[in-house]
Each structure stands twice: as C-alpha cells, then as structure tokens.
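I opened my notebook with a simple plan: look at a pocket, a helix and some charged pairs. Here is the structure I worked from.

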Amino acid sequence: MASETELLVAGIDVGSTYTKAVLLDGDRRVRVSVVRKAGYKPGAAATEAHQALVGQAGVSPEQVTYTAATGYGRYMVPVRHVAITELTCHGFAIISHFPGARTILDIGGQDIKAVRLDERGRVQAFRLNDKCAAGTGAFLEKTAYYLGLTTADIGPYALRSTNPVEISSVCAVFAEGEVISHLAAGVAAEDIVRGAIAALAGRAVQLVRRVGLEPELALAGGMTQNPAMVAALAEAVGTELALPPAGLGQLNGAYGAALLGLRRVEQLRGAGRPIPAPGAGDEAAPRSRRWSNYVAKGAEPCSPSGCPVFVGLAS
C-alpha cells in the first residue's frame with residue numbers, strides 16, 4: 001500500500017501487439033508492472049492496463065501523480081498527462097541501464113526499430129522496418145501457429161534444434177509458404193523455428209548496420225525473453241547484447257515513459273507549478289519544434305542536438 005503523499009508515476013506503452021505498463025515510485029523503483037494483449041481497441045487496453053496497475057499496487061487512480069503514454073496508441077490513453085514517442089522512451093530507458101549504450105534494437109510485433117543514441121540517450125538516427133511481416137515478431141508468432149506451438153514455446157524449441165533449415169524469402173507470404181513446405185516434408189519443428197529465428201535475426205542486424213552499429217548494442221522488446229533470438233542476434237553481430245535487467249526488456253518503452261514522467265514531475269515541483277489533471281494534457285511539457293530535422297526513415301543524423309521526438313523531456 002502507498003501513502004497518500006507518496007510519489008507514483010505510471011508509464012504505459014500501447015504497442016501494436018501488447019500493452020505494457022509500469023508504476024515507479026519517487027526512488028525510481030518499479031512497484032508493479034503489467035502486460036496485456038493490445039487487441040483492436042488500444043484505448044480500452046490502456047485503461048485495462050492502468051486499472052490492473054493500480055489494483056496490483058493497492059492504490060487508487062488518484063494516487064498516481066503522473067502518467068506518461070507512449071507507443072502507437074499513446075494518444076488513445078485517456079488518463080495520460082503527456083504522450084511521448086517510443087523512440088525517445090526506449091533511448092532514455094536504455095541509457096539509464098547502460099550509460100555506454102549507443103545502439104538499440106527493438107523487435108516488435110509489427111516492426112523493428114534500430115536506433116542510434118548519443119551519450120545522453122537522445123536519438124541521433126533510426127531506421128524502421130514496418131513494410132513486411134517477415135521482418136517482425138509477427139512472423140515468429142505465425143510460424144509457431146503453423147507448428148502448433150505457443151509464443152512461449154518458440155525459444156525453448158529453437159534451442160533444441162540440431163539441423164536448422166533456411167528460411168530465405170524476404171516476403172512474409174512466401175516465408176510462411178517455406179515453413180509449410182518444410183513442415184510437410186517432415187522437418188522437425190525445432191529446426192523450422194530455429195531457421196525462422198535465424199532469418200529474423202539476419203534481417204534485424206541488417207537494419208542495425210544501416211543505422212550505424214556502435215557499441216554497446218542493447219536489445220529491447222519481448223525478444224529479450226527469447227534466449228534463442230538473443231543468441232542468434234549475438235552471433236550475427238559478433239558481440240554480446242546488453243539486456244535490460246529484471247525482466248524490463250519487454251517493458252522498456254513503458255519504463256522509459258515512466259522515467260520521463262518522473263523527471264517532468266520533478267521539473268514542475270522544482271518550478272513551483274501544479275501538476276495538470278489526468279487527461280487534460282501537460283501542454284507546458286517542453287517540446288522541440290525542429291520538425292524539418294526529423295528523419296522518419298533515414299540513418300543520417302537528425303541534427304547536432306538529436307531528433308526532435310520530445311527530446312525536451314529527456315534533456
């Protein structure tokens with residue numbers, strides 16, 4: 001149970017596949033966290049995640065001082081004080097764990113993000129792969145479906161592989177056709193899964209190299225829980241990956257949002273200003289207006305001071 005005066009900040013990451021939420025206290029400790037399927041109603045998923053968060057923490061919604069939202073559905077979070085892009089949140093979270101990290105790879109359900117950071121965790125450049133499901137986590141989920149496996153089975157099955165097959169197609173439809181063909185030919189499920197993981201890892205590493213691989217490389221997202229994927233990525237890049245501690249890899253975006261929300265609360269209190277009501281929007285939150293420098297898909301540096309994706313909150 002929290003006291004009436006305890007500082008609590010929530011971070012909610014409404015992704016394409018899952019909604020993740022964390023609750024931090026004033027000492028930056030994670031009090032509770034939740035992960036829920038996003039479904040087709042992001043707003044409802046965010047509300048459910050927030051209710052589960054306060055329920056598990058044993059507090060009322062009114063005791064949450066500030067809520068920062070991120071992810072694809074960040075503007076659909078009704079209790080948010082501010083919406084922050086996921087790139088900014090991922091960068092701020094990773095740099096809090098690994099001050100020397102300069103590159104992030106996040107393999108999500110519908111896209112892959114490769115991000116290059118500066119020493120303060122600000123985004124310098126990034127690349128997205130969101131055109132084809134063969135390069136995303138959804139491809140692994142579809143592979144598991146064809147093999148009669150759950151998502152949780154993917155990693156353990158792949159680690160048992162002794163003769164992985166090659167999945168060469170860059171198109172999701174053709175790649176799924178390869179999976180079905182291998183299955184019909186009697187190839188073991190673990191060898192098919194290992195081949196699918198190797199294919200996805202290879203495409204992810206290509207994206208990282210296009211953004212400019214700089215040590216140290218951190219992995220974020222649900223794939224941090226897949227030991228076979230972690231091993232495949234490490235082998236492809238030739239170095240170990242930095243993984244957020246205590247299971248925070250999948251929660252990285254939500255954790256970064258909460259950290260930035262906590263920083264905003266400290267800014268407001270330091271200036272003697274009130275905290276806005278939930279849902280009203282923190283219109284005074286600092287934002288960059290250098291939109292012409294925003295590089296949506298390119299690997300070139302955005303500007304000497306970073307990409308303008310709510311960098312004001314992270315400055």
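The entries below follow the order in which I looked things up, and the model is a predicted one.

**Entry 1**

I began with the largest pocket and found a volume of about 630 Å³. I then asked which of its 33 lining residues are the closest to its centre. They are Y18, I107, G222, M223 and Q250.

Next I checked which helices and strands contribute to this lining. Two strands, β2 (18–25) and β6 (103–107), each supply at least two residues. Sorted by class, the lining holds 18 polar, 8 nonpolar and 7 charged residues.

**Entry 2: helix α2**

How far apart are its end C-alpha atoms? They are 17 Å apart, and this agrees with the 16 Å that 12 residues should span at 1.5 Å a residue.

I also wondered how many of the residues of α2 are buried. The count is 11 of the 12, so α2 is largely enclosed by the rest of the structure. I noted the buried ones by name: E86, L87, T88, C89, H90, G91, F92, A93, I94, I95 and H97.

**Entry 3: salt bridges**

I moved on to charged side chains. Side chains of opposite charge can pair when their charged atoms come close. My count came to 11 salt bridges, and I wrote up a few.

I took R31 and E6 to begin with; their closest N and O atoms are 2.6 Å apart. This pair links distant parts of the chain, with R31 in strand β3 (residues 30–37) and E6 in the segment before β1 (8–14), 25 residues apart. R31 counts as partly exposed because its relative accessibility is 29%. E6 also counts as partly exposed, at 22%.

I then turned to R122 and D118, whose side chains meet in a salt bridge at 2.9 Å, N to O. Are these two residues buried or exposed? With buried meaning under 20%, R122 counts as buried at 14% relative accessibility, and D118 counts as buried at 8%.

I also saw that salt bridges with shared partners join D25, D27 and R29 into one network. Within it, R29 pairs with D27, and the closest N and O atoms are 3.5 Å apart. D27 is exposed, its relative accessible area being 56%.

Methods: Residues are numbered from 1 along each chain as its sequence is written. This is a predicted model: local features need pLDDT of at least 70, side-chain atom pairs count only at pLDDT 80 or more; totals for chains, interfaces and linings use all residues. Side-chain values use heavy atoms; hydrogens and water are left out. On a 1 Å grid over the protein atoms alone, a cavity is a set of points where a 1.4 Å probe fits but cannot get out, and a pocket is an open set with protein on both sides within 12 Å along at least five of seven lines; lining residues have an atom within 4 Å of a point. Grid points are joined across faces, edges and corners, and a volume is the space filled by probe spheres set on the points. Helices (H or I, at least four residues) and strands (E, at least two) are DSSP runs, numbered from the N terminus. Ala, Val, Leu, Ile, Met, Phe, Trp, Tyr, Cys and Pro count as nonpolar, Asp, Glu, Lys and Arg as charged, and the others, Gly among them, as polar. The expected span of a helix is 1.5 Å times one less than its number of residues. Buried means under 20% relative accessible area, exposed over 50%, partly exposed in between (1.4 Å probe, protein chains only). A salt bridge is a side-chain nitrogen of Lys or Arg within 4 Å of a carboxyl oxygen of Asp or Glu.
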